[in-house]
Amino acid sequence: MAVVIPLGLLAVGAWSRRWTSDDGFINLRIVEQLWAGNGPVWNATERVETGTSPLWLAVLTVVGAVVRFVAVEWVSVALGIACTIGGLAAATAAARLLHRPTGRLLVPVGALVVAALPPFWDFASSGLETGLSFLWLGLCGWALAAAASTVGVTGQRAAATAALLGLGPLVRPDLALISVTTLLALLVLHGWPGWRRSGLVVAAAGVLPVAYQLFRMAYFAALVPNTAFAKEGSASRWDVGWSYAGDFTGTWRLWWPALAVVVVAAVALGPRARTVDRPGLVVVAGLTAGAALHALYVVRVGGDFMHARLLLPATFTALLPWALLPLRRATAAAGALLLPWAVLAATSWEPAGRPEAGQGPTADVVVDERSYYVSARRPHPVTAADFGGGRYAEAGRRAATVVDEGRGALTLRTFTPEDEDTWSPLRDPAAPFAVWVDNIGIFGFLAGPEVTVIDARGLGDPVTGRFRLAERGRPGHEKAASPAWVVGRHGAPGSSPPDGEVDPAAIAAARDAVACGELAEILEAVTGRLTPSRAATNIVLSLRSYGLRFSADPFTAREELCDR
């Protein structure tokens, strides 16, 4: 019952708040590009890595292909919820191994915290990789706990465990921090078996991430996903990050469960009633250090505009060793302390940043993203059809219709893409219909893989993603391409929008800029035919051009790029 009750609560909560976010539809469009034979790309016309989780995309692509009779949106929701539940189940199994509660009843302290927090329900689905993160973290904890409970870890078992721990960067790049600390814990458990055998364990952990990194550099000509350029994932925003963390901890009164966990941890690790042996302490240290480092990284980069999302993996990891504990006075007291908190968290509290109906989030305010898409008419917006009344959904369908009719051109009018009066000729007359959009998820998915969706915010665009930040704001929404860049890059030479709203001189400046220096090399690398020699050149270019940034003003950018 100590296992079943939290798992049941989590399952009910996740299902009751099932949904697909706009960013989730970004993943689904990439999956459809893979099914169409275009590769793991955003647009069929260029190789740009817009997804954040290669492993999540791979799972969605394979499972979705097997069950093609099920809408891919439902495949994503079902897999996300199943992964979340599986992650908590693995975490409870890990905690049981760590504490060895022979002959004692069990108390689900950490598991109850995870099961009762609505953010875990929200991001169990959403179309994002968060559910897969929980599954990977739970399995890592279980594998380490199993290694700690076994006398003499064999080389093969250590290598298999290391391979699992090394998957972190493929789930999310920032989870590499937890991969590192848990791998160190495994090496300690393995007894530091000399440089040669330690090297083999590390190699087992790195073989898949390194192989994918080489593929990324050769295929996308980039050292990191394009989203990292657009969001400037290496820059510091400590003030916004602390505010993001405060929003999460304050909303759900996390000091309350933290107090309960600290009490049971002190007892479990204390000399008088210790339930964790020395190998178990190594596992606890590896997981706790990973959680702390990951949370610190999230705070450093400024968090996210979605409430709690980026702090959930660290929270899950920190709670994992205490998910299930043998019944003692301290654990019984902690369980009793947690029950009223769990009831209040699950039923009464809610994030402060809840946008009004029809009002989108602005600036850098942390928002409850799910509440923006939910209404009385559609309490569970999962499929594209559930978004049918939205402006971006309707516009995406219109763009798909234009392609179906065999017409192709460039338009800057997102919401009336079929209006021929707004069309300009494309640089490549044979290229698919192209539309300039600022919210790319649901629009891009419904437009279909043939439509070139030009991302004004840079997540899916290799030019806008490299803009130099002028000022900080909402993560992922801080860079914006002017129409001059869109026409200058994608329009035919000498063309301009029919409405005459864009300065021809700015278009000419942008057209010059994209033809100069490293930017021209990058565009050639992602649009040219991929050959073995091109792949080798792309690897070198990805290293050389990592730091390339230039002004969002076409005139200044031309000077910066063409005068080098």
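Predicted model: local features only at pLDDT ≥ 70, side-chain atom pairs only at ≥ 80, totals over all residues.

Select Gly458 to begin: at 0% relative accessibility, this glycine counts as buried. Buried means under 20% relative accessible area, exposed means over 50%, and partly exposed is in between (1.4 Å probe, protein chains only). Gly458 sits in the loop between strand S6 (452–455) and helix H21 (483–490). Helices (H or I, at least four residues) and strands (E, at least two) are DSSP runs, numbered from the N terminus.

Residues are numbered from 1 along each chain as its sequence is written, and side-chain values use heavy atoms, with hydrogens and water left out.

Next, pick Asn439, in the loop between strand S5 (434–437) and helix H20 (441–447). Is Asn439 buried or partly exposed? Its relative accessibility is 28%, so Asn439 counts as partly exposed. Show Asp455 as well: the C-alpha atoms of Asn439 and Asp455 are 7.5 Å apart, although the two residues are 16 apart along the chain.

**Salt bridges**

The structure holds 18 salt bridges, a salt bridge being a side-chain nitrogen of Lys or Arg within 4 Å of a carboxyl oxygen of Asp or Glu.

Start with Asp122 and Arg17, which form a salt bridge whose closest N and O atoms are 2.4 Å apart. Asp122 belongs to helix H6 (residues 118–122) and Arg17 to the loop between H1 and H2, so this pair ties together parts that are 105 residues apart in sequence. Asp122 is buried, with a relative accessible area of 6%.

Then select Arg549 and Glu232, another salt bridge, with 2.8 Å between the closest N and O atoms. Here distant parts of the chain are linked: Arg549 is in the loop between helix H24 (532–544) and helix H25 (554–562), and Glu232 is in the loop between helix H12 (226–231) and H13, 317 residues apart. Both ends are out of the way of the probe by the cut-off given above: Arg549 counts as buried at 16% relative accessibility, and Glu232 is buried at 12%.

Glu394 counts as partly exposed at 34% relative accessibility, and Arg398 as partly exposed at 29%.

Finish this stop by selecting Glu129, Arg172, Asp174, Asp304 and Arg309 together: they are linked in a network of salt bridges.

**Two positive phi angles**

Most residues other than glycine have a negative phi. Select Ala308, then, where phi is near 75°, a positive value in a residue other than glycine. Ala308 lies in the loop between helix H15 (278–300) and helix H16 (312–319) and is buried, with a relative accessible area of 0%. Arg253 also has a positive phi, near 45°. Its place is the loop between helix H13 (238–251) and helix H14 (255–269), and Arg253 is partly exposed at 32%.

Show helix H7 (residues 130–148) with helix H8 (residues 155–165): their axes come within 9 Å and cross at roughly 160°. Axes are lines fitted to C-alpha atoms, for helices over the stretch in contact, and angles run from 0 to 180 degrees between N-to-C directions. H7 and H8 are therefore roughly antiparallel to each other. Angles under 35 degrees count as roughly parallel, over 145 as roughly antiparallel, 65 to 115 as roughly perpendicular and the rest as oblique.

Last, select helix H2 (residues 22–35) and helix H4 (residues 72–99), whose axes come within 10 Å and cross at roughly 120°. H2 and H4 are therefore oblique to each other.
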